[in-house]
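User: I would like to go through this model with you, one topic at a time. Could you take my questions as they come?

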Amino acid sequence: MPIVQLQHVRKVYDTKVAVEDLSLAIEPGTMFGLLGPNGSGKTSSIRMMIGITMPDSGTVSLFDRPFDRSMLPLVGYLPEERGLYKKMHVLDQLVFLGQLHGLRASEAAKRARLWCERLNIAEALPKKTEDLSKGMQQKIQFIASVLHDPELIIMDEPFTGLDPVNAALLMETLADLRRDGRAVLFSTHRMDQVEKMCDNIALIHRGHLVLAGSMREVKSSYPRNRVVIQFEGGDGFLRHPAIESQKRYNGHVEIKLRASATLDDDAQSLLLEAIRRARVTRFEVMEPTLEEIFIEKVGETDGPETGSAICEEERAGELIDA
Amino acid sequence: MHNVWLIARREYIERVRTRGFLVTTVMIPLIMGGFMVGTSFLGAKVVLPSHIAIVSSDAQPALDLQDELERPRLSDGAQGGPASRPRMTVDVMGAGQETQAIVDRDLDSGDLDGYLWITPAGTPDSRPTYTFTPRSPEQRGLRPVLANALDAVLMRERLAHRGVLGAELDSMMHPTEIASVDAPNSSDRETKEVSVAVLFFLMYMVIMLYGMNVARSIIEEKTSRIFEVLLATIRPEEMMAGKIIGVGSVGLTQVAIWIAAGLLLAGSSIVSQFGGQPVHVALSAAQVGYFFVFFLLGYLFYSSIAAALGAMTNSEQELQQLNMFLVLPLLFCFTALKAVMTNPDGNLARGLSLVPPFTPLLMYLRVTLGHPAPWEVALSLALISASIYGTIWVTSRIYRVGVLMYGKRPNLPELLRWLRYS
């Protein structure tokens with residue numbers, strides 16, 4: 001039973017198509033990564049899932065039923081544009097937002113305290129929101145979106161602006177929530193996070209779904225043509241004919257092999273060559289990283305120059321994303 | 001409904017708690033009171049003792065005039081109103097060669113507030129000419145005083161000329177006193193007119209203060225970007241309604257505080273010390289009921305327009321440019337006020353009072369001062385209720401799109417397109 005299901009969803013603003021024929025489903029207890037460059041339609045898609053806007057055609061289902069606002073208290077939403085009432089005290093604010101999601105005031109206050117302790121910001125509770133640091137405000141907003149213990153948690157770019165320690169803390173918290181059986185969807189363009197955390201991904205570009213599936217499927221559909229070699233000594237082996245391109249780093253090199261039917265053999269021959277010329281401390285053959293897939297997919301649909309122009313236009317379009 | 005209540009309550013509590021609320025609650029009556037006291041103080045200043053000179057080659061009329069001007073009026077002590085004449089010191093001078101230079105010098109130095117130059121008549125048939133030169137425009141008020149006194153003197157002189165003398169003359173010259181007694185219904189009508197004025201003032205103020213506060217609070221929400229979290233659980237309509245009710249309740253609280261304080265003050269002696277007369281509150285229960293009904297409808301109508309303005313704009317400066325949409329209909333009501341008051345059941349009044357933006361003020365005026373047909377009242381209530389509903393509908397559309405968008409202010413075609421988005 002998918003928690004959220006979009007079927008052939010289309011959304012047009014004036015003449016600009018924000019989302020076109022988008023279908024995706026999120027299962028309970030999974031973490032879903034919604035990927036795409038700026039202005040690709042991530043936020044538009046998310047807004048349709050929670051009824052801030054309605055699709056022009058196609059259907060949205062929440063909790064296996066056609067979209068219905070009465071289900072919204074079961075959803076927690078962290079928008080990309082963060083916002084809290086600046087003048088309000090943190091606890092009042094959390095209680096107010098909890099009440100809007102159907103909690104009683106006393107229950108909301110109790111949970112707010114527990115969550116603040118869990119995220120190490122208990123000292124923020126009696127303060128005014130405007131007196132908090134940006135990172136703390138972001139944590140408060142995170143708490144606001146999970147306070148009512150939602151079944152579905154939707155986070156639009158949840159990690160932007162957080163330091164690595166707090167980003168890791170939030171990631172861990174999200175992973176805990178997933179383990180408790182919640183469905184988590186988040187959008188990002190930080191591929192390393194997605195690769196580490198997500199069970200399923202969807203990559204959208206210019207409103208179209210260009211890639212979707214479970215993390216494992218997606219990655220195994222790509223040939224194991226990436227080689228990482230850590231070495232000391234001469235680098236003559238890097239002129240091996242099987243190498244299509246390479247990136248040199250301090251002490252190691254990332255290699256992309258030429259497409260061929262005998263990739264495994266090519267890799268072995270490269271290893272032999274490397275051992276002959278240098279002292280190898282690490283040799284690894286793998287699929288491309290998600291980041292490489294992302295760049296490749298986005299590059300396929302448009303060239304780099306036109307790509308950036310379209311992004312600009314789409315960003316302008318997203319302003320009237322309503 | 002629960003959501004509307006939550007939004008309204010938050011809005012109310014957060015606003016009433018602010019220092020701004022306390023300051024305006026105390027300061028606005030103080031400023032207004034200060035204004036009133038200030039004007040009456042300044043008004044009193046005009047009736048200060050003044051010093052004038054009468055220049056005449058013929059001494060007798062000048063002396064008579066001096067006598068007349070310096071004599072306290074019989075009614076002065078009793079009345080004490082603004083009609084009382086300033087106390088005067090009057091010098092009489094013969095018209096010599098140096099006189100012109102002397103009075104001009106005294107005028108410059110401030111010793112004199114003005115001088116009256118009497119030029120004798122050239123021929124027996126013509127009258128003498130009188131020229132008054134005040135020191136500054138503020139002393140112009142002395143002119144009618146002089147004219148009155150002069151008339152009295154001349155009258156007395158002429159009567160004496162015809163042989164009216166002594167006690168007879170005095171009794172003839174004794175000013176007639178008109179005692180004013182209120183007609184049975186005039187005070188009622190006066191109270192009604194006062195209550196209409198109060199309504200107009202309250203309406204204007206509350207709409208300007210709190211209608212604009214609705215708009216401001218929406219702008220604040222736009223800049224803090226909190227609405228997106230809210231819109232994920234509640235409808236724009238609920239959010240709007242909550243804001244309007246919450247901010248409006250703050251306004252009503254403030255007005256209630258003022259009215260309560262005003263009633264307390266009116267009962268005490270402080271008001272009468274400033275020369276104010278005791279205010280009779282003589283409105284019937286139905287009139288008070290109408291007052292609240294029309295007041296609330298007016299507030300709802302104008303604040304939902306304010307909400308739309310807030311949703312369209314991104315900053316207070318932009319809002320300022322649009323607030324004429326709130327002010328103009330009210331100002332129009334103000335200009336129509338006199339016409340409707342004089343003839344509350346005329347065709348003009350009947351027509352205007354049915355136009356929703358004018359209904360709250362003008363229909364209330366008619367209900368209190370005239371005799372509108374019940375169907376007219378019912379129709380006006382139905383029309384304004386429908387327009388409130390319509391405005392809130394349109395506003396929530398504009399709001400739904402407007403809050404999610406920042407950037408330039410939308411133009412009219414864009415606004416119309418917004419209405420079609422769902």
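User: In which sense do S9 and S10 of chain A pair, and over how many bridges?
Analyst: In this predicted model, strand S9 (residues 200-205) of chain A pairs with S10(A) in the antiparallel sense, over six bridges.

User: Which residue in S10(A) is the bridge partner of A:Ile201?
Analyst: The partner of A:Ile201 is A:Gly213.

User: And what sheet do these strands belong to?
Analyst: They are part of an open sheet of six strands in chain A, with the order S6-S7-S8-S3-S9-S10 and mixed pairing. S6 (75-78) and S10 (208-214) of chain A stand at the edges; each has a single partner strand, so one side of each is left without a neighbour in the sheet. On average, neighbouring strands of this sheet are turned by 15° against each other, direction ignored.

User: Which strands does helix H4 of chain A lie across?
Analyst: Helix H4 (residues 134-146) of chain A lies across S6 and S7 (152-156) of chain A, and runs at about 160° to S6(A). Helix H5 (residues 164-179) of chain A also packs on the sheet, where it touches S3 (31-35), S7 and S8 (183-188) of chain A. The direction of H5(A) makes about 145° with that of S8(A).

User: Moving on: what does S11 of chain A pair with?
Analyst: S11 (residues 226-233) of chain A runs antiparallel to S13 (residues 252-257) of chain A, and five bridges join them. S11(A) also pairs with S14 (residues 278-286) of chain A, again in the antiparallel sense, over eight bridges.

User: Which bridge partners does A:Gln230 have in those strands?
Analyst: In S13(A) the partner of A:Gln230 is A:His252, and in S14(A) it is A:Arg282.

User: How about chain A as a whole?
Analyst: Chain A has 10 helices and 14 strands. Of its 322 residues, 37% are buried. Among contacts in chain A with a separation of 6 or more, 70% are between residues 24 or more positions apart.

User: Now chain B. At what angle do H14 and H16 pack?
Analyst: Helix H14 (residues 324-342) and helix H16 (residues 359-369) of chain B pack at about 20°, with their axes 10 Å apart. H14(B) and H16(B) are therefore roughly parallel to each other, and their crossing is right-handed.

User: Which residues meet there?
Analyst: B:Cys333, B:Ala336, B:Val340 and B:Met341 in H14(B) meet B:Leu361, B:Leu362, B:Leu365, B:Arg366 and B:Leu369 in H16(B). By class, this contact has eight nonpolar residues, no polar ones and one charged residue.

Key
Residues numbered from 1 in each chain as written. Chains lettered and ligands numbered in written order. Predicted model: local features only at pLDDT ≥ 70, side-chain atom pairs only at ≥ 80, totals over all residues. Axes fitted to C-alpha atoms, helices over the stretch in contact; angles between N-to-C directions. Helix = DSSP H or I, 4+ residues; strand = E, 2+ residues; numbered from the N terminus. Parallel < 35°, antiparallel > 145°, perpendicular 65-115°, else oblique. Left-handed = near helix turned anticlockwise from the far one by under 90°. Contact = placed C-beta atoms within 7 Å. Nonpolar A, V, L, I, M, F, W, Y, C, P; charged D, E, K, R; others polar. Buried ≥ 20, exposed ≤ 12 C-beta atoms within 10 Å, placed from the backbone. Pairing = 2+ DSSP bridges.
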